[in-house]
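Let's walk through this one together, a question at a time. Keep the viewer open as you read.

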Amino acid sequence: MKATVRVPTVLRPHTGGAAVVEAEGVTLGALLTDLGERHPGITERILDPGGGLHRFVNVFVGDEDVRYLEGLDTPISEGTEVSILPAVAGG
């Protein structure tokens, strides 16, 4: 399924500066694999060495945080919007 991916500023060097790109996959994991093939280096910024989501990266499918859905197994529907957001911390 083709989806629109919103890319945060910190990851845009991997997308040639594009804030929005397309990727395909039936699950979030497959979509991120396709995204990495289209934009080398971006996946390593989203996934940890074990293949899970980095704890400091939030990913939303539609308006839902995938950590509360099925994680990387979250289904992707045609036309879905996926947003990648770096976690914000501070004090």
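Q: Which backbone oxygen lies 2.7 Å from a polar atom of the side chain of Thr74?
A: This is a predicted model, where local features need pLDDT of at least 70, side-chain atom pairs count only at pLDDT 80 or more, and totals for chains, interfaces and linings use all residues. Residues are numbered from 1 along each chain as its sequence is written, and side-chain values use heavy atoms, with hydrogens and water left out. The side chain of Thr74 also reaches the backbone nitrogen of Glu70, at 3.1 Å. As for the oxygen 2.7 Å away, it belongs to Gly71.

Q: Is Thr74 buried or exposed?
A: Thr74 sits in the loop between β4 (64-65) and β5 (81-86); strands here are DSSP runs of E, at least two residues, and helices are runs of H or I, at least four, numbered from the N terminus. Setting aside neighbours within four places in sequence, Thr74 is in contact (heavy atoms within 4.5 Å) with Val26, Thr27, Leu28, Val61, Val66 and Leu69. "Buried" means under 20% relative accessible area, "exposed" over 50% and "partly exposed" in between, using a 1.4 Å probe and protein chains only. At 3%, Thr74 is buried.

Conventions. A polar contact is a pair of N or O atoms within 3.5 Å; within protein, one must be able to donate a hydrogen and the other to accept it, and residues adjacent in sequence count only if both atoms are side-chain atoms.
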